[in-house]
Amino acid sequence: MSRSDPRRNDRDHFFGILSGVSKAKFYTGVFFVFSIFGVFWAPSEPWFLLAAWVAYSGGIAAAYAYAFSRDYRLLALVIPLSVIVPTGLGYLGHRVGGVARTSLGAQEPEIMLLTILLTVAGYVFFISFIRGEGVRSLRLHTEVTLAKRIHDHLVPSVDLRLPRFEIRGVSASSSEVGGDLLDAVADGDSVLVCVADVSGHGVQAGLMMGMMKSAARMRLLHEDDLDRLVNDLNHVSFQVKPPEMFMTAAFMRFDASQTARIALAGHPPILHHRRRTQTIDQIDSPHPPIGVVKGAKFAAVQTDCESGDLFLILTDGLTEVFDRNGEEFGLERIKAIVAERHDRPLAEIEAAILDAARAFGPQEDDQTLLLARVL
C-alpha cells in the first residue's frame, strides 16, 4: 500500500528487533576487531598513547557501524571525528616524544600479545552474537513458515463457475505473509466477492487480514446487508488493531437480478466493462478506509449488469508498480488490457494483467486481482 526501499526497510527492521544484549555483542565485536589498527598506528611509547589509539580505532569503527546500520545522518558527526581525533593524537604524541613503531616482532612480545587478545575478543563477541541470532532466526523462520501455511489457507485462489456468474481471483504476496484479502462466498443464486488490502505487508498485516476475514464471515452467517457488513467491520477494527493500521475494501454481491450491489471503503476503483456499449465504467470509493474514521457511515451502491459484463477488482500493489524511471504502471494500462481481452477466458485476462505488471517493474507490494463475469 506504500512505496518504500525494501533494502532499507529490511536493514532497519533487523537492527530494530535486536535485543539490547545482541546489539552490545555486535558493536563490541566491531570495536575489538578494528581496535587492532590502533596498535599499528600508535607509537611504541608511551603506553597511554597506545591505549588511546586502540580505543579510537575500535570506537570509530563501532560508530561507523552504528551510522550505517541505524542512521546515515550520523556520518556527518562520525566523519569529522575520524579526522580530528587522529590528528589530535598525532600532535599529542609529538609533544610527549612518543617513539614511533617501525615493525611488530619478537622484540615487542607485549604488543603481539595485545594484538592476539584483541583479535580473540572480537572473535568471541561475534561468535556469541551470531550464535544467539542464529537460534532466534531459526525459531522465527519456523514461525513464519507456519504463518505462511495459515495465510495460504486464508487467501486461496478463487475459481468459481455458477449458473449466472464466473469468478476468478488470485493474490500474490510480496513476502511470506501478505495483507491482501481475497474471498468469494456463494449462497444459492447469489455470490459475494471481496478484495481488501491491509496497510503494510508481512506478518502484522496478515494477522489483521485474518481477523477481518473471520469477522466478515461471521457477519455473513446472519445477514447479507453490505451496508451493515462494512459498518460493523469499521466498528470492530478499532478494537483489534494498532492505531496506525487500516484496511481498504471492496465488496460486491451478485444475485438473480440484473443488478449488483457494491460497497467500497477507500479502495481503488472497480472497473465495469459493459459488453453492450463496449465501454468501461470506473466505480470509485466515496468512503474512507476501514479503521480510519470512528463512526463513519458506509453505504452500498447499486449498478446494473447484463450478460457478458465483466467486473475487475484489484489492490494498489498492481497499479503502483514502478519502472526504472519511476513511472507508475497505473490503472489506464489495465483498462487497455480489459478492453482488448474482455471476451477472453478469465484465466487469460488475469495472466495478461499480471504479466504486464511484472514486466513493467518489480513487485514491491501484495498484488491481488479478482475478475467476475455475468453469464
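Modeller: Let us begin with a term: a cavity, found on a 1 Å grid over the protein atoms alone, is a set of points where a 1.4 Å probe fits but cannot get out. Grid points are joined across faces, edges and corners, and a volume is the space filled by probe spheres set on the points.

Colleague: How many cavities of 30 Å³ or more does the search find?

Modeller: The search of the whole structure finds three, and the largest cavity has a volume of about 60 Å³. This is a predicted model, in which local features need pLDDT of at least 70, side-chain atom pairs count only at pLDDT 80 or more, and totals for chains, interfaces and linings use all residues. Residues are numbered from 1 along each chain as its sequence is written, and side-chain values use heavy atoms, with hydrogens and water left out.

Colleague: Which residues line the largest cavity?

Modeller: Lining residues have an atom within 4 Å of a point; among them are Leu181, Cys194, Lys213 and Phe251.

Colleague: And which element gives the largest share of that lining?

Modeller: Helix α6 does, with four residues. Helices (H or I, at least four residues) and strands (E, at least two) are DSSP runs, numbered from the N terminus.

Colleague: Changing topic, where is glutamine 278?

Modeller: Glutamine 278 lies in the loop between β7 (270–274) and β8 (279–283). This residue has a positive phi of about 55°, although it is not a glycine.

Colleague: Why does glutamine 278 count as partly exposed?

Modeller: Because its relative accessibility is 45%; buried means under 20% relative accessible area, exposed over 50%, and partly exposed in between, with a 1.4 Å probe and protein chains only.

Notes:
On a 1 Å grid over the protein atoms alone, a cavity is a set of points where a 1.4 Å probe fits but cannot get out, and a pocket is an open set with protein on both sides within 12 Å along at least five of seven lines; lining residues have an atom within 4 Å of a point.
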